[in-house]
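Have the sequence and the 3D view open as you read.

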Amino acid sequence: MAALRLFRDTWRWTFRGSLRRQSGPFARQLYEVGNRSVVFITVTLGVLGMISVFQVLIQVERILPEFSVVGPAFIQTMVREFAPTIAGLMIATRVGSGIAAEIGSMVVTEQVDALRLCNADPIDYLVVPRFWACVIQTVLLSVYGGLVGVCAGAVVAHYAWEIPWGTFFSLNLVGYSDVTSGLWKAAAYGMAIPIAASQAGLETSGGSEGVGTATTRAVVNASFCVVVLDFIISGLSFMLLLGK
Amino acid sequence: MNVLAWAGSAIASGIRDVGRSAISVLEELGALTILSGRIFRSFIPPTLDGRETWRAFYKVGVKSYAIVVMTAMFTGAIMVIQAGQFVAKASATSFVGWAAGFAVLAEIGPVLIGLMFSGRVGANNTAELGTMVVTEQVDALRALAIEPMHYLVAPRVLAMVVMLFLLTALGDLFALLGGAITSELLLDVPMRVFIQQVVDANLVDEYLLGLVKGSVFGLSIAIVSCHFGLTVSGGAVGVGRAVNNAVVVAAIGIFVTDLAVGLTWNFL
Amino acid sequence: MISFQNIVKAFGPHKVLDDVSLTVPKGQILFIIGTSGAGKSVLVKHLVGLIRPDAGRIYLDDVEVTSLSEMALYPVRKRCAMVFQHSTLFDSMTLLENVALPLRKHKGLSTKQAGVDAMRRLEQVGMAEESGQFPADIGDGLRKRVAIARALTLDPEYVIFDEPTTGLDPMAAESVDSLIRELSDRFQVTSIVVSHDLRSIFKVADRIAMLYQGKVLLDGSPADFRATTDPVVRQFIEGRPEGPMVFPRKS
C-alpha cells in the first residue's frame, strides 16, 4: 500500500515539473543506473546466452536432425522473456540495493529530515530522478542485454556446433507481439524496481543494522516484483495471442 | 586542437578506468580466494559451535523458504507460458511438460532460486557480519580468544550450502506444481497430464544437475557475502555499500558457476 | 608486567603513536589519559594484538606479543582481557549467553554448567535479574557491567578498560571505579585504564601517563600530576578549553 502511494506521488511530482527543475541529478542517476550497469549486464546476459544455447543444443541434438530452428527460437525467447527479465533481475539486484543503501544511509544520518526542514520533499528530490532514470535505462539495458545474449549464444552455436551465422541470426520467428511483450516487461520492471527500493530505503530505521535490513528488503522486494510482473505480462500476452 | 586534446584525455581516462577496475577485480578475486582457503581450513577440525550452527540453519531456513517457494511457483508458471507459446502454434501440447520441466529443473529453477536466496540470505549475512565489524563485535570475539572464522563464518557457510541444496530440491517441486496449475488454467492441459509428461520425460539427470548447481551457488553466495561483510568499513553507509557489492558479485558468481557446472556436467 | 617499547603506529600519513614506551608492574592500575584522538585506544589494542605496530615491541611478562601470529595470540588474550569502550556485547545473544560464551569455549564447560557459572558472575555485578534480556534492551551502564563480567570470566591477570566510565551517569561510573580498585587490591590484577574522566583518574589511579601528539608527555603518580607545572598537562587536568594544547584535527 505504502509502495502504491509512493508510486502515485512520484507521478504527481513528475507532472509538477520535478525533472525539469533538477536535470542535473536526473542526468547523474541516468549515469549511475545505466552506464555503471553495462559491465554487469554484459557478463550476466552473455553467460546466460552461452549456457542456454549450449543446454538447448545438447538436447536438440538427441531429437532433431538439424539445428536451423534453434537460432530463431532462441532469439524469440530472448526478446520476449529472458532479455528483459534477467536484465530486470540484475537491475533489481544492483540498482535496487544501491538506491536503498543510499536513501537508507541518508535517513539514518538524518539527511532526509534535513531535506524536509528545507521544505524539499524527499520524493521530489530523491525518488523522481531515480524512478525515471530506472525506467529509461531498464528498457535500454534490456535491449542491449538481449543483443549481448544473442551474440554470445551465436558464438557458442557457431564454434561448437558449426551453425552458420546466417542461419542462427534469423528474425523469422520474432513477431510484433514478442517485441511489445518484451518492451512492456522492461518498462514495468523499470517502474517497479525504483519504487520498491526507495520505499525500503525511506522506511529505514536504526543505525548500520537498519541500512543493512533496508538494502536486503529492497533486493528481495524488487526481484520478486520482477518475477510477478513477468508472470502477469507473459500470461496476458499469451491470452492475447490465443485470442487472435 | 582543443577537441583533439579533449578526446585524447577522455580516451586516456577511459583506459585508466578500465585498468583500474581490472586491478580491483583481480584484488577482489585474490581476497576471495584467500578467504575461501581460510574458510576451508576453519572446518578442520570439524567441530563447529553447536548453538551458532543451529542458529545459522534456523535463520537461513526461516528467512528464505517462503520467498523461495513463491518464486519457484511463479517460475514454473512462466516457463509453462513460454513453452506454451511454441507448442500452441505447432499444436504439440505433448511437449509442454518436457520443455517446461527441462528448463525449470536444469537451468531457470536453480538460477532464480539462487538469485532470491542471495538477495534474502546472502545480503542479510553481509549486513549482519558488517554490523558486527562496524560495532567491533568481531574484535570483541578475537579479544575473547575466539576465532571469528571458526565460530562465526564456518557455521554460516555450512548453513547456506546445505539450505540452498535443500531449498533447490524443494523449490523445483513447487516450480513443477506452479507449472501444472498454469498448464491446466491457460493451456487446457490437465494437471495430471502435465505431471505425467514430466515424469515420462525422465528428467532425473536434469534434477540432479540442478541440485549440484544449487549447492555450488550456495557456496559462492556464502563466500562472497562473508567476504563483503567482514571487510566493511565506515559505519552505516559502509554496511549499505557492502550489501550492494555483495549481491552484485554474488549474481555474477551464480551465472559464472552456472556456466562452469553446466559445461563440466556435460563433458563428464 | 607489561612493557611497551618504542611503539610507532601511523594510519596513512597520520602518525598516531610516535615512539611510546611504558612499563606497568604487576598489580598496578595505570591510567592512560589524553584528548580524544590522542591514540590511547590504539595503544592498548596493540597489547592483545588487535592492532599491529609499525615498529617497537610489547612484552607481556616474558612473551613478545607483536611477533605472534593470530593463533599464538589466543593464549595471550585469555590472560589479558579487554573491556571495550561501547561494551560491545553480542547483539544476537542474551546477557547470560554473552557471559557464558568464553566459559563454553575455553573452560570446556557444557552449556548448562557454563550457564550456572555465568549466572553467578552476573550476580556479582548485580545483573542476575536481567540475565535473559538482550543487550539492546538495557541501558549503557548496565551493559558496561555485563561487559566487565564477560571480560573477567577467564580470571585474567591483566585487564584493559577502554574508557570504562565515559557516557555513564555518576553512580554507575562510581561502581565501575570501585570495581577496578577492588580487582587490583584483592586479586592483584594489573589494569590499564584509558580515560579522560578526571574524577576517576585521581581517585583510582596508582600511576598516570599522558599521551600528547603521539608521545608520552608525562608519566608519574597522581601527586606528580597535581604538582606539575607543564602548561599542557595543567590545561588538561584543569579542563580549560583555552591554552597551549594543540588538538588533532582527525580522529
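## Rings, a patch and a sheet

Over all chains, the structure holds 16 aromatic pairs. Rings of Phe, Tyr and Trp (its six-membered ring) count as a pair if their centres lie within 6.5 Å; planes under 30 degrees apart are stacked, over 60 edge-to-face, and the rest tilted. Take A:W165 and A:F169: their ring centres are 6.4 Å apart and their planes are at 25°, so this pair is stacked. Now for a pair that is edge-to-face: A:F224 and B:F74 have ring centres 5.9 Å apart and planes at 75°. Helices here are DSSP runs (H or I, at least four residues), strands are runs of E (at least two), and both are numbered from the N terminus.

A quick word on the model: it is predicted, so local features need pLDDT of at least 70 and side-chain atom pairs need 80 or more, while totals for chains, interfaces and linings use all residues. Residues are numbered from 1 along each chain as its sequence is written, chains are lettered from A and ligands numbered from 1 in the order written, and side-chain values use heavy atoms, without hydrogens and water.

How covered are these rings? Buried means under 20% relative accessible area, exposed over 50%, and partly exposed in between (1.4 Å probe, protein chains only).

| Residue | Relative accessible area | Class |
|---|---|---|
| A:W165 | 36% | partly exposed |
| A:F169 | 38% | partly exposed |
| A:F224 | 18% | buried |
| B:F74 | 22% | partly exposed |

There's also an aromatic cluster, made up of A:F7, A:W11, A:F15, A:F131 and A:W132.

A charge sits over a ring if NZ of Lys or CZ of Arg is within 6 Å of the ring centre and within 35 degrees of the ring normal. The charged end of A:R16 does this with A:W13, 4.8 Å from the ring centre, and C:R150 lies over the face of C:F90 at 4.6 Å.

Finally, hop over to chain C, where four strands form an open antiparallel sheet in the order β2-β1-β4-β5. Two strands pair if DSSP finds at least two bridges between them. β2 (14-24) and β5 (63-64) of chain C are at the edges with a single partner strand each, so one side of each has no neighbour in the sheet. Which residue of β5(C) is the bridge partner of C:Y59? That's C:E64.
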